[in-house]
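Visitor: Hi, I'm new to this one. Could you walk me through it?
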Amino acid sequence: MTNLSYPGVYIKEVPSGVRTIAGVSTSIAMFIGRAKKGELNKPILCLSFEDFQRAFSANFANSDLARSVKLFFANGGNRCYVMRIADMTVARSSSVTLQNESNADTL
């Protein structure tokens with residue numbers, strides 16, 4: 001106990017055993033799309049648009065992937081994962097037709 005020698009406010013800190021919550025980043029984006037090159041179906045960490053260009057190439061007009069990643073970094077983004085899905089040279093036509101609830105072809 002503390003000896004109170006003069007009037008005033010006294011603070012006694014008591015350890016509570018509670019640990020603080022560690023902060024985690026919520027600004028990591030994920031982009032999925034078609035690209036001209038790069039490994040299929042594997043997320044790749046990109047820390048700049050130059051990283052994206054080295055891994056996937058920015059020269060593919062049939063997809064908005066490169067433009068989306070470029071705009072992400074241009075607007076202050078600093079970390080994202082990019083996953084390449086099939087491009088036009090690898091993709092094949094579907095052999096399944098999906099139907100809606102009324103049995104009409106939809107996809």
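Predicted model: local features only at pLDDT ≥ 70, side-chain atom pairs only at ≥ 80, totals over all residues.

Visitor: Okay. Which residue does Arg67 form a salt bridge with?
Guide: Its partner is Asp64, and the closest N and O atoms are 2.4 Å apart. Asp64 is partly exposed, at 47% relative accessible area.

Visitor: Why would two side chains like that pair up?
Guide: Side chains of opposite charge can pair when their charged atoms come close.

Visitor: How many salt bridges does the structure hold?
Guide: There are 3. Besides the one between Arg67 and Asp64, Asp51 pairs with Arg54, again with closest N and O atoms 2.4 Å apart. Then Lys42 and Glu39 meet through their side chains at 3.9 Å, N to O.

Visitor: How far apart are Asp51 and Arg54 along helix H1?
Guide: They are 3 residues apart in H1, so about one helical turn separates them. Asp51 is partly exposed at 22% relative accessible area, while Arg54 counts as exposed at 57%.

Visitor: And Lys42 and Glu39, what are their accessibilities?
Guide: Lys42 has a relative accessible area of 39%, which makes it partly exposed. Glu39 is at 47% and also counts as partly exposed.

Visitor: Back to H1. Which of its residues are buried?
Guide: H1 covers residues 49-56, and its buried residues are Phe49, Phe52 and Phe56. Looking down the axis of H1, you'd see them fall within an arc of 55°, so they line one face of the helix.

Visitor: What do those buried residues pack against?
Guide: Three elements: strand E2 (44-46), helix H2 (65-74) and strand E3 (80-85).

Visitor: What follows H1?
Guide: Ser57 does, and its phi is positive, near 80°.

Visitor: Let's switch to rings. How many aromatic pairs are there?
Guide: A search of the whole structure finds 4. In one of them, Phe31 and Phe72 have ring centres 5.5 Å apart and planes at 70°, so that pair is edge-to-face. This pair links distant parts of the chain, with Phe31 in strand E1 (residues 29-34) and Phe72 in helix H2, 41 residues apart.

Visitor: Are Phe31 and Phe72 buried or exposed?
Guide: Phe31 is buried, at 16% relative accessible area, and Phe72 is buried too, at 18%. The cut-off for buried is under 20%. Phe72 also pairs with Phe73: their ring centres are 5.2 Å apart and the planes are at 70°, so this pair is edge-to-face as well.

Visitor: Which residues do these ring pairs link into a cluster?
Guide: Phe31, Phe72 and Phe73.

Visitor: Tell me about Phe73, then. Where is it found?
Guide: Phe73 is in helix H2, and it counts as buried at 15% relative accessibility.

Visitor: What does Phe73 contact, leaving aside neighbours within four places in sequence?
Guide: Its contacts are Cys46, Leu47, Ser48, Phe49, Asn78, Arg79 and Cys80. As for Cys46, it sits 27 residues from Phe73 in sequence, and the two are 9.9 Å apart in space, C-alpha to C-alpha.

Visitor: Last topic, the surface. Which residues make the nonpolar patch?
Guide: Met30, Ile32 and Ile85 make a nonpolar surface patch of about 260 Å². Ile85 has its place in strand E3 and is partly exposed, with a relative accessible area of 33%.

Note on methods. Residues numbered from 1 in each chain as written. Heavy atoms only, no water. Buried < 20%, exposed > 50% of the residue type's maximum accessible area, 1.4 Å probe, protein only. Helix = DSSP H or I, 4+ residues; strand = E, 2+ residues; numbered from the N terminus. Arc of directions from axis to C-beta. Contact = heavy atoms within 4.5 Å. Patch = residues over 30% accessible without salt bridge, like charges linked within 9 Å, V, L, I, M, F, W, Y side chains within 5 Å. Areas by Shrake-Rupley, 256 points an atom, 1.4 Å probe, with all protein chains shown as cover. Salt bridge = Lys/Arg side-chain N within 4 Å of Asp/Glu carboxyl O. Phe/Tyr/Trp six-rings, centres within 6.5 Å; stacked < 30°, edge-to-face > 60°.
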